[in-house]
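Subject: Structure for you to look over

Dear colleague,

I am handing over a structure and would be glad if you could look through it alongside the notes in this message.

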Amino acid sequence: MKKILTILVLATALGACSQTEKGAAVGGLGGAAIGAAVAGDPVQGAIVGGAVGAVAGALIGHASESGQCRYRDRHGRVYVDRCPRGY
């Protein structure tokens, strides 16, 4: 039950993120899990795998956001809209 609740909270939190942020989070978690499973030292494998996975996930997520920029208004709300011309 705790695992399901944790996954639900994480999924809800990721709903407010950009594709780049989601990609970094998912890639980092997946890379850490794989790195810990295959490395001789699980801690070092998780650190390296998490870092590599986060970078790869961010790059993949960013590639799917072409032409979209994130803006923050005066009240701190974040919204996504087309990027300015030439950006």
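This is a predicted model: local features need pLDDT of at least 70, side-chain atom pairs count only at pLDDT 80 or more; totals for chains, interfaces and linings use all residues.

Residues are numbered from 1 along each chain as its sequence is written, and side-chain values use heavy atoms, with hydrogens and water left out.

The protein has three helices and two strands, and from the N terminus on its elements follow the order α-α-α-β-β. Helices (H or I, at least four residues) and strands (E, at least two) are taken as DSSP runs and numbered from the N terminus. Of the 87 residues in the protein, 17% are buried, where buried means under 20% relative accessible area, exposed over 50% and partly exposed in between, with a 1.4 Å probe and protein chains only. Among contacts (heavy atoms within 4.5 Å) between residues at least 6 apart in sequence, 34% join residues at least 24 apart.

Helix H2 (residues 19-38) packs with helix H3 (residues 42-63) at an angle of about 155 degrees, and their axes are 6 Å apart; axes here are lines fitted to C-alpha atoms, for helices over the stretch in contact, and angles run from 0 to 180 degrees between N-to-C directions. H2 and H3 are therefore roughly antiparallel to each other, given that angles over 145 degrees count as such, those under 35 as roughly parallel, 65 to 115 as roughly perpendicular and the rest as oblique. The residues making this contact include Gly-23, Gly-27, Gly-31 and Gly-35 of H2, and Gly-45, Gly-49, Gly-53 and Gly-57 of H3. By class, the contact of H2 with H3 comprises seven nonpolar, 14 polar and no charged residues, with Ala, Val, Leu, Ile, Met, Phe, Trp, Tyr, Cys and Pro counted as nonpolar, Asp, Glu, Lys and Arg as charged, and the others, Gly among them, as polar.

Strands E1 (residues 68-72) and E2 (residues 78-82) run antiparallel and are joined by five bridges; two strands pair if DSSP finds at least two bridges between them. E1 and E2 form a hairpin with five residues between them, and Gly-76 in the turn has a positive phi of about 90 degrees. Tyr-71 stands opposite Tyr-79 in E2, and the bridge partner of Arg-72 in E2 is Val-78. Arg-70, in strand E1, counts as partly exposed at 37% relative accessibility, and its C-alpha atom is 4.5 Å from that of Val-80, ten residues apart in sequence.

Ser-64, in the loop between H3 and E1, counts as exposed at 51% relative accessibility, and the C-alpha atoms of Ser-64 and Gln-19, 45 residues apart along the chain, are separated by 7.1 Å. Leu-59, found in helix H3, counts as exposed at 60% relative accessibility, and its C-alpha atom is separated by 9.7 Å from that of Gln-19, 40 residues apart along the chain.
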